[in-house]
Amino acid sequence: MREIPGHEPHWKAALQRLDRLTPRESEVFAMMAEGLSNESMANRLHLTERTVRAHLSAIAEKLELHSRLSLCLASYVSRNTVANDNVCRCGRRAE
């Protein structure tokens, strides 16, 4: 993804608001990085698709994002940032 100099993607600010999410919303948000459908998330979490849609709606509102693509991008960056923070220089995961 190419960034425009001096322009920060609108979804990047959402990463500062992740503490607004409930534990279940955080789970659903993390799954967005995998590109899962609502049905797949529902099956994995043993929920209905309607409940997943409700969580996604709440997440979008709390993070002030207005599209599924923005949610996916923010989730992907969040997930990879956390993963990179847990890797030490020797290549082993931090404990």
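Biologist: How are helix 2 and helix 3 oriented to each other, parallel or perpendicular?

Modeller: Roughly perpendicular, in this predicted model. The angle between helix 2 and helix 3 is about 105 degrees, which falls in the 65 to 115 range that counts as roughly perpendicular. Their axes lie 8 Å apart.

Biologist: Which residues make that contact?

Modeller: From helix 2 you have Asn38, Glu39, Met41 and Ala42. Helix 3 brings Glu49, Val52, Arg53 and Leu56.

Biologist: And how many of those are nonpolar, polar or charged?

Modeller: The contact of helix 2 with helix 3 splits into 4 nonpolar, 1 polar and 3 charged residues.

Biologist: What else does Met41 touch, if I skip its sequence neighbours?

Modeller: Leaving out residues up to four places away in sequence, Met41 touches Val28, Met31, Met32, Leu36, Val52, Leu56 and Arg68.

Biologist: OK, on to the core. How many residues are in the largest nonpolar one, and which have the most contacts inside it?

Modeller: That core has 19 residues. Met41 is one of those with the most contacts inside it, along with Leu56, Ile59, Leu63, Leu65 and Leu71.

Biologist: Which helices supply it?

Modeller: Helix 1 (23-32), helix 2 (38-45), helix 3 (49-63) and helix 4 (68-85) each give at least two residues. Helix 3 provides the largest share of this core, with 5 residues.

Biologist: Switching topic: is Leu69 buried or exposed?

Modeller: Leu69, found in helix 4, has a relative accessible area of 59%, so Leu69 is exposed.

Biologist: And how far is Leu69 from Met32?

Modeller: They're 37 residues apart in sequence, and 9.3 Å apart in space, C-alpha to C-alpha.

Terms used. Residues are numbered from 1 along each chain as its sequence is written. This is a predicted model: local features need pLDDT of at least 70, side-chain atom pairs count only at pLDDT 80 or more; totals for chains, interfaces and linings use all residues. Side-chain values use heavy atoms; hydrogens and water are left out. A nonpolar core is a set of buried Ala, Val, Leu, Ile, Met, Phe, Trp, Tyr and Cys residues joined through side-chain atoms within 4.5 Å. Buried means under 20% relative accessible area, exposed over 50%, partly exposed in between (1.4 Å probe, protein chains only). Helices (H or I, at least four residues) and strands (E, at least two) are DSSP runs, numbered from the N terminus. Contact means heavy atoms within 4.5 Å. Axes are lines fitted to C-alpha atoms, for helices over the stretch in contact, and angles run from 0 to 180 degrees between N-to-C directions. Angles under 35 degrees count as roughly parallel, over 145 as roughly antiparallel, 65 to 115 as roughly perpendicular and the rest as oblique. Ala, Val, Leu, Ile, Met, Phe, Trp, Tyr, Cys and Pro count as nonpolar, Asp, Glu, Lys and Arg as charged, and the others, Gly among them, as polar.
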